Amino acid sequence: MDAENVKEAVPFFRIADMKTSLAFYVDGLGFTIDKRWDDRGVLRWVSLKLGGASLTLQQFRPKGQDAWVPDGKVGEGVSIFFRCEDAIAIWRDAVAKGLDASTPEVGNGMWVTGLDDPDGYRLEFESATDAPEDSVFEED
């Protein structure tokens, strides 16, 4: 396989409710809608961007052809890590918008903060640091 041929991996999340997910990703975390698909007047699919990262959300029809109804939180057990310049800034912004982001801690030489989206997908934001391993961030 020609490794130069592969350009990007884009997570594709099946979601239960587009309105709830967009409130979380766009209003809460600051993602922007890059592309969208409206199916018979209902927004079913979006491509989102935040800096250099992308992800895709799709809400399936609850009945009829291509129907899908989750049996719970579909994202449980799935984690996506976003490498960024300043994970602490992401944490501050998320908390200021009322999101339940974890207090940043150092793991593997990175500040890491995380939160769960409405469907249970775990989002982790990390940035390099020289702070000691297992340090917990404290505001001055």
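Reply: Start with the polar contact: a pair of N or O atoms within 3.5 Å; within protein, one must be able to donate a hydrogen and the other to accept it, and residues adjacent in sequence count only if both atoms are side-chain atoms. The model is predicted; local features need pLDDT of at least 70, side-chain atom pairs count only at pLDDT 80 or more, and totals for chains, interfaces and linings use all residues. Residues are numbered from 1 along each chain as its sequence is written, and side-chain values use heavy atoms, with hydrogens and water left out.

Me: What makes the side chains of Asp117 and Tyr25 a polar contact?
Reply: Their separation is 2.7 Å, and the limit is 3.5 Å. So the pair qualifies.

Me: Why is Asp117 said to have no salt bridge?
Reply: A salt bridge needs a side-chain nitrogen of Lys or Arg within 4 Å of a carboxyl oxygen of Asp or Glu. For Asp117, the nearest side chain of opposite charge is Lys73, 6.7 Å away. (Lys and Arg count as positive, Asp and Glu as negative; His and the chain ends are not counted.) Asp117 is found in the loop between E7 and E8, and a polar atom of its side chain lies 3.0 Å from the backbone nitrogen of Gly120.

Me: Why is Gly28 called buried?
Reply: Buried means under 20% relative accessible area, exposed over 50%, partly exposed in between (1.4 Å probe, protein chains only). Gly28 has 8%, so it counts as buried. Gly28 lies in helix H1; helices (H or I, at least four residues) and strands (E, at least two) are DSSP runs, numbered from the N terminus.

Me: How do you know that the buried residues of H2 line one face?
Reply: These residues are Ala87, Ile88, Trp91 and Ala94. Seen down the axis of H2, they fall within an arc of 125°, so they line one face of the helix. The arc is that of the directions from the helix axis to the C-beta atoms. They pack against strands E7 (110-116) and E8 (122-128).

Me: What makes a set of residues a nonpolar core?
Reply: Its members are buried Ala, Val, Leu, Ile, Met, Phe, Trp, Tyr and Cys residues joined through side-chain atoms within 4.5 Å. The largest one here has 29 residues. Phe13, Tyr25, Leu29, Leu57 and Leu123 have the most contacts inside it. H2, E7 and E8 are among the elements that each supply at least two residues.

Conventions:
Contact = heavy atoms within 4.5 Å.
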